[in-house]
Amino acid sequence: MQLTIDNLTQQFGSVRVLDQLALSTGSISSLVLVGPSGGGKSTLLRILAGLDVPTAGSAQFDGTPLPRDDAGLLSYRRTVATVFQSYNLFPHLSARDNLILPLVHVHGLSREEAAARIAEPLARFQLAEHADKRPAQLSGGQNQRIAILRALVVRPRRLFLDEPTSALDPEMTAEVLDMIEALKGSGTDFVLVTHAMHFARRVADEIAFIGDGGVLAHGTAEQVFNHGDNPRVTAFFDKVLR
Amino acid sequence: MSRSLAHGIVAAAFVGLLVLACMQVPGEWNWAGVWEYRQKFLQGWLVTLGISLAALVLSLAIGLVVALLLAAHNPLIEATGRMYVELIRGTPLLVQLLLGFYVVANAVGLENRFVVGTLVLAAFSGAYMAEIFRGGLDAIPKTQRDSAKAIGLTRWQSFRLVVLPQAIRLVLPAVAGQLVSLIKDSSLLSVIAISELTLNAQEVNSFTYSTLESYLPLAVGYLLLTLPLSAASRWLEAAFRYER
């Protein structure tokens, strides 16, 4: 994917969360957004995922601008997938039915086709034995892995992950990060918001440091972590990497 | 101890206490006089059952529609729903029945008192039902709608497949309680001369001068309607449970 963002502004009331943000990536398969809380990372991700419409400005993936109308956004969301921090799954459905629901109701598969499609991924990620449990019967890590599977089985063009490990303890975080790392090289492009810096360094083709509503640093992991010339960025890394 | 055994013991204790209390009542019991009128009790009970069932279905429908009005983004629509709920909940059912029958129904030429009674009862219960439904819909976290949106569901699919099934589970206990109230509130229909269970018990009382013998069967008649409803609600709650 190649992402170009111009003058992107998102304003809620009098609060300007993104302020004329601009970014242009190379042709990459993974982009990681890092930076302080409240800096605008998640707001940016929601716009890229087609969940919110920006106040002004534009973003293009591979030259195609994001739609702004409801119908266009709905069809756009059906070509990508998003995983949130937590509470992704529908608590009244089993893990299996959570995976099947979008396949049947959004992508037009029959229940049998959907069940066949999810069988192999469930087994590959050691989740088959948990498929008939409801979210409340699964651990946080298992829930989040099911949520990522639900995003993958629709075969999205791109995956957006919004702090997928922030609500998990370290052991479960490792489970989920392993799964995301397996994405790398599987041909699914992704945009990830995370606070897990070492992981960001491992999976990112490019990293953008988002703060104060704009891009404060951008480049390869090496460039952003080691040669930041912005004092705001350096101070942040000094704190989180210490 | 099993739950049903425990229920049996507690129920037997209550009945025992009630019998003891009744034995303290001075004077002779006159069950024979009341037995003569058993057909009246049965007819009244059937009328109460019929009106309750019809009002029950109707009040669920009214409740759902008004709950959607209350949740509307358009302030005019929302205010309409709010006005309905506040007017109905702010006035006694007795007044609504009298106004509904002698003023509104009269004005539109509706003469069938059973129909009027059922409509007023359903409208009354529907206002409470609407608030219960609205609370249930509000209680579904925004993250659920977000998640539904992210997987590409339309707004209607999101409501039907994600929000509604969870809201139903949340509101079941309160809805069952409201339905039990509706059945008991149907006793007020006697004021517009609908020959339901309470009115028949009152008549039997005035024919036989046997007050307790007339009203004890009345209590049993209502319990025969409300207890199965409570049982059904518990069964439904278990069927919809997803917390564990």
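**View 1. Strand β7 (residues 158-162) of chain A is largely enclosed by the rest of the structure, because five of its five residues are buried.** Buried means that 20 or more other C-beta atoms, placed from the backbone, lie within 10 Å of the residue's own. Strands are DSSP runs of E with at least two residues, and helices are DSSP runs of H or I with at least four; both are numbered from the N terminus. This is a predicted model: local features need pLDDT of at least 70, side-chain atom pairs count only at pLDDT 80 or more, and totals for chains, interfaces and linings use all residues. Residues are numbered from 1 along each chain as its sequence is written, while chains are lettered from A and ligands numbered from 1 in the order in which they are written.

**View 2. Both faces of β7(A) are covered.** In a regular strand the side chains alternate between the two faces of the sheet. A:Arg158, A:Phe160 and A:Asp162 are buried on one side. A:Leu159 and A:Leu161 are buried on the other.

**View 3. Strand β6 (residues 80-83) of chain A pairs with β7(A) in the parallel sense.** Pairing requires at least two DSSP bridges between two strands. Here there are four bridges. A:Leu161 of β7(A) stands opposite A:Val83.

**View 4. β7(A) also pairs in the parallel sense with strand β8 (residues 189-193) of chain A.** Five bridges join them. A:Leu159 has A:Phe190 in β8(A) as its bridge partner.

**View 5. Chain B has 10 helices and zero strands.** Its C-alpha atoms fill a box of roughly 75 × 60 × 25 Å, taken along the principal axes. Of the 244 residues in chain B, 33% are buried.

Terms used
A residue is buried if 20 or more other C-beta atoms lie within 10 Å of its own, exposed if 12 or fewer, and partly exposed in between; C-beta atoms are placed from the backbone.
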